[in-house]
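Here is a quick walk through one protein chain for someone meeting it for the first time. Have a look at the sequence and the fold, then read on.

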Amino acid sequence: MPGNSLKIAALLLLLASTAAGQAPTAAPAAASAAPAVAFGQGVSIYPKNGQSQEQLWSDRYACDAWSKTQSGFDPAHADGGVPAVEFAARREQYRHAMTACLEAKGYRIGPSAAPAPAPAAAPPAPPVAPAAPLATPPAAWYANTPPLGLKYHPFAFQIQAGYTLTEGSLRSTLDDGGNVGFGLTWFPTSWLPLGLRVDGTYSRFTETLNALNEEANALGTNVDFGHQSVYGGDVDVQLDLAHRSSRAKLYLLGGVGWYRQSTVFRQLQYSPPVFLCGYFACGYGYFPYSVTVASGTTPWTRSWNAGFGVEFAMRDPVSFFIEARYRRFAPYGSNTAFVPINIGLRF
């Protein structure tokens, strides 16, 4: 019987090992889902190279700023910041630019995961006393603040003021003066950095002592002071140069204009004696006043100009600019030129 016991034990051992081999193995644990960020309209951003959540948000905002510069579309506004007739096309341009930028940085754009079913309703929690306001707001509060940058606008109105230097033969007859102006800029498309500008300016200059003496000799009478007003406008082409930052840009401008120069010379005179009473005494006095002894205005004169400027982003759609140009009047051989240097705001 010992032989039968050994056979039975071997048979039981064989059955146990067979059952163990056929037992189902435990399924591997499912990989944890990678973090994702909403892209908009049921689309999310998925990192392909193990990027952290912080890196994902940083890349998303960098691509958002670049896409708005490329398309002129700002999803932070209900109308996209564009005319209604261009809304669909520019929104699609923004989506294409955003997708291309994120894919280049190692992300996959795909549909968002279906939301988890809502849990069963729980009884309302007891009221909690409001917490004291934080001394410093969390950085997350500003996560959705759009970055500062220059955005595409087909039309922009500008106001400006500055200082004008006299050049050439004008330096002996006119002192430097001030100027004010306004203008309108039109960029037909965001894809071409070439626009058309129309500017109107007014400048005022004081006549130099040399000019007053020459006028006095010509008139045969005293000339005490005088001024010249220069007013007109320019039609220019503006070329925006390539720039790496969306917060500032350098541009060139140049074109033609039409201007008039109005000159006035005045003489100081005094009224006949007038009996006056002051605080302490009475007596005769004189009142000074000025009269025009000569004046004249030139016909409309052609001019050409060329210059450059720098524009800085402020709160959209406002920007700040500084520009300088060289403006020369016809006949160009007379060396009659001005150099206006302006600062202004563009809306």
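Helices (H or I, at least four residues) and strands (E, at least two) are DSSP runs, numbered from the N terminus. This is a predicted model, where local features need pLDDT of at least 70 and side-chain atom pairs count only at pLDDT 80 or more, while totals for chains, interfaces and linings use all residues. Residues are numbered from 1 along each chain as its sequence is written, and side-chain values use heavy atoms, with hydrogens and water left out.

**A strand residue and its neighbours**

Let's start with Gln267, which sits in strand β8 (residues 248-270). Gln267 has a relative accessible area of 11%, so it is buried (buried means under 20%, exposed over 50%, partly exposed in between, with a 1.4 Å probe and protein chains only). Leaving aside residues up to four places away in sequence, Gln267 touches Thr221, Asn222, Asp224, Tyr289, Ser290, Val291 and Val293; contact here means heavy atoms within 4.5 Å. The side chain of Gln267 makes a polar contact of 2.7 Å with that of Thr221. A polar atom of the Gln267 side chain also lies 2.7 Å from the backbone oxygen of Asn222. A polar contact is a pair of N or O atoms within 3.5 Å; within protein, one must be able to donate a hydrogen and the other to accept it, and residues adjacent in sequence count only if both atoms are side-chain atoms.

**The chain as a whole**

Zooming out, the chain has 4 helices and 14 strands. Of its 347 residues, 32% are buried. Among contacts with a separation of 6 or more, 65% are between residues 24 or more positions apart.

Phi of Asn335 is near 60°, a positive value in a residue other than glycine. Is Asn335 buried or partly exposed? Asn335 is partly exposed, because its relative accessible area is 32%.

**Two helices meeting**

Finally, Asp59, Trp66 and Ser71 are among the residues of α2 that meet α3, where the partners include Arg90, Tyr94 and Leu102. The residues of this contact of α2 with α3 divide into 7 nonpolar, 3 polar and 5 charged (Ala, Val, Leu, Ile, Met, Phe, Trp, Tyr, Cys and Pro count as nonpolar, Asp, Glu, Lys and Arg as charged, and the others, Gly among them, as polar).
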